[in-house]
Amino acid sequence: MNVLIINCGSSSVKIDILDSKSGVRQFKARVQRVGTAECVLEIGDEEIFLPDADHASVVQAILKKAPTDLIKAVGHRVVHGGAQFSSPVRIDAVVEQAIESLIPLAPLHNPANLAGIQAAKKSLSDLPHIAVFDTAFHQTLPRRAFTYAIPIEFQKKHGFRRYGFHGTSHHWVARRAADFLKEDLRDLRIITCHLGNGCSITAVEYGRSIETSMGMSPLEGLVMGTRSGDIDPGVLLELQRREGMSVDELDQLLNKKSGLLGLSKISNDMRDIDQGASEGDEACRLAIRVFCHRLRKYIGAYAAVMGGVDAIVFTAGIGENSAWVREQVSQRLGFLGVRLDEDLNREAKVDLEHPVTVISTDHSRTRLLVVATDEAHAIARDTEDLVNEKDKVNNSRGIPVAVSARHIHLTQEAVEILFGEGHQLTPLKELSQPEQFACEERLTIIGPKRSIPKVRILGPVRGKCQVEISRTDEYTLGIDAPVRASGDVANSPGITLEGPNGKLTLEQGVICAQRHIHMRPEDAEHFGVKHKDIVEITMDTDGRDLIFGDVLVRVSEKYSLEMHIDTDEANAAEISQGDISGMLVRTGKLATLRKRCLENL
Ligand code: ADP
């Protein structure tokens with residue numbers, strides 16, 4: 001599908017027409033210094049001066065020259081989607097209003113994005129317009145990662161929390177890296193380093209962003225071309241006190257005069273600083289050292305956050321081109337299993353045709369990759385996906401819903417410790433998933449705070465012990481269990497189980513089950529989804545409809561079609577529990593599957 005991509009920056013406009021599959025460009029226009037007397041539009045070799053033109057007139061001027069009859073949809077890059085947008089959306093009046101309401105969080109960017117949207121909708125009113133947000137990929141950050149440690153009322157009042165940016169690029173290069181490694185992104189822990197004029201780093205854990213260095217604004221984190229990145233807030237207080245600096249002056253200092261430019265005094269461009277450093281300029285040497293040290297520090301931190309790392313990706317202008325920076329950053333990462341191949345690093349070259357190359361040795365446990373980013377291509381793909389989405393999801397069948405109460409899976413060894421040597425579990429009732437049964441046996445689970453008696457065991461025995469509880473149970477027991485798919489118990493908290501024959505303390509195994517749908521391959525085909533997809537589910541209940549996000553699709557020949565939620569979720573959806581004390585019960589309710597799509601905002 002040919003898609004027109006509009007990227008309105010604070011003082012620039014980039015417009016491309018490209019094929020969403022191959023990324024091949026049919027048209028490319030670039031405008032610099034929008035709103036000034038020197039505003040100039042470049043299309044190929046042609047230069048057109050547009051003195052004092054604003055974003056809207058620049059976009060319209062370009063669209064007059066573009067072969068718009070080729071295109072099927074328009075994708076708009078929007079910088080700030082706040083906490084509202086976690087995926088691309090079709091742009092309607094409500095979405096435009098939401099982008100406008102986020103202007104206080106992105107005062108330079110969202111107005112430009114909105115102007116581009118409105119101008120393009122006027123000229124191309126028959127086509128679908130899709131917004132793709134820089135912040136969306138980071139909406140999966142857990143609360144502990146996005147919360148600033150200042151009184152929480154400021155977050156509530158002003159939305160002061162970490163959002164993260166460059167999300168489209170981080171997601172794109174993580175996917176390219178997984179493809180290159182011939183692995184599923186959902187099985188990998190990747191650290192992506194986007195090093196352009198703006199720089200940020202992201203921890204992509206099993207396909208989801210769980211930490212990123214930019215925060216409420218793009219100022220936080222790494223050292224950048226002209227931005228400081230992390231700085232002790234005390235310095236800002238002292239600059240106000242000692243230098244009498246105003247808010248606007250501090251804004252200029254931190255956004256425009258700091259970073260590589262502030263340290264080197266000569267340039268914000270790494271090429272100039274590289275050159276300066278090789279000629280012995282001390283300030284340039286220090287600028288590179290500070291840049292690389294900060295980056296290496298973040299890589300170590302993000303490896304710790306994910307409990308390990310499988311690949312580290314370098315991308316954007318500096319990441320793709322500076323072998324020297326990559327080398328400096330990779331030093332002392334041996335403890336993470338990183339081994340740089342210096343020859344491969346020096347020779348590394350990526351472009352849109354060959355977007356990925358490896359720069360680590362064959363023995364490197366953690367792979368080092370250079371990946372060419374292509375945000376316009378990523379936006380074109382997202383746009384196509386959303387345009388086609390309606391046709392892909394076939395909602396002509398409801399999905400039966402079952403409520404799963406707290407329960408325990410045991411190994412045979414654990415059964416014998418708790419119930420006596422040679423004990424076999426006694427089936428009480430068959431469950432809807434083939435070969436699964438609720439057992440007569442029950443146990444007390446003992447947490448640091450309180451205990452819960454009579455918790456049902458589900459059979460047959462398994463290879464690992466696992467205790468699945470709800471959030472409310474966590475409060476009762478006094479533990480903090482992660483939301484996980486069944487079987488994924490690594491690094492989860494432990495608990496003590498008590499049976500008639502004694503106690504057993506598990507080192508790990510307590511999880512809050514990720515809400516999920518079991519389906520057979522033919523169901524997956526019917527709904528247009530794949531194993532491990534994350535979808536949304538609409539619960540049509542009496543009077544209090546509910547949409548569940550983050551629902552995991554699990555596909556196997558062994559399953560029968562059914563969505564599983566826990567008792568807290570059933571209560572929220574006002575699904576009556578009936579007799580579910582300790583087992584899984586079909587509710588007679590049907591859920592409707594939707595792809596992740598916020599069309600109905
Ligand atoms: P953005 O898209 O954020 O404007 P880019 O991804 O184009 O930025 O990256 C721009 C930066 O990349 C430049 O400021 C420059 O520092 C750096 N860069 C580009 N080429 C090289 C190179 N060969 N060596 C070192 N740095 C480079």
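**Ligand shell, sheets and backbone features**

The structure described here is a predicted model.

For Asp269, a polar side-chain atom is placed 3.3 Å from an oxygen atom of the ligand. For Met270, a backbone N or O atom lies at 2.6 Å from a ligand oxygen atom. Gly317 likewise takes part through its backbone, with a polar atom 2.8 Å from an oxygen atom of the ligand. On its own the ligand has 580 Å² of accessible area, of which the protein covers 70%.

An open sheet of 6 strands is arranged in the order E11-E10-E9-E12-E14-E13, with mixed pairing. Its edges are formed by strand E11 (208-212) and strand E13 (356-358), each of which pairs on one side only. On average, neighbouring strands of this sheet are turned by 25° against each other when direction is ignored. Within the sheet, strand E12 (residues 311-315) and strand E14 (residues 367-371) run parallel and are joined by 4 bridges. Ala311 has Arg367 of E14 as its bridge partner. Helix H6 (residues 167-180) lies across strand E9 (189-195), strand E10 (199-205), E12, E13 and E14. The direction of H6 is at about 130° to that of E9.

A further open sheet, also of mixed pairing, consists of 8 strands in the order E5-E4-E3-E2-E1-E6-E8-E7. Strand E5 (46-49) and strand E7 (89-90) are the edge strands, each pairing on one side only. E5 is paired with strand E4 (residues 40-43) in the antiparallel sense, over 4 bridges. In this pair, Leu41 stands opposite Ile48 of E5. Helix H1 (residues 55-65) packs on the sheet and touches strand E1 (2-8), strand E2 (13-19), strand E3 (25-32), E4 and E5. The direction of H1 makes about 35° with that of E2.

Two backbone features are found in loops between strands. Gly459 and Pro460 are joined by a cis peptide bond, with omega at about 0°. Pro460 belongs to the loop between strand E19 (451-459) and strand E20 (466-468). Glu435, a residue other than glycine, has a positive phi near 70°. The loop that contains Glu435 lies between strand E17 (427-430) and strand E18 (437-446).

Definitions and conventions: Residues numbered from 1 in each chain as written. Predicted model: local features only at pLDDT ≥ 70, side-chain atom pairs only at ≥ 80, totals over all residues. Heavy atoms only, no water. Pairing = 2+ DSSP bridges. Contact = heavy atoms within 4.5 Å. Axes fitted to C-alpha atoms, helices over the stretch in contact; angles between N-to-C directions. Polar contact = N/O pair within 3.5 Å; in protein donor to acceptor, adjacent residues only side chain to side chain. Areas by Shrake-Rupley, 256 points an atom, 1.4 Å probe, with all protein chains shown as cover.
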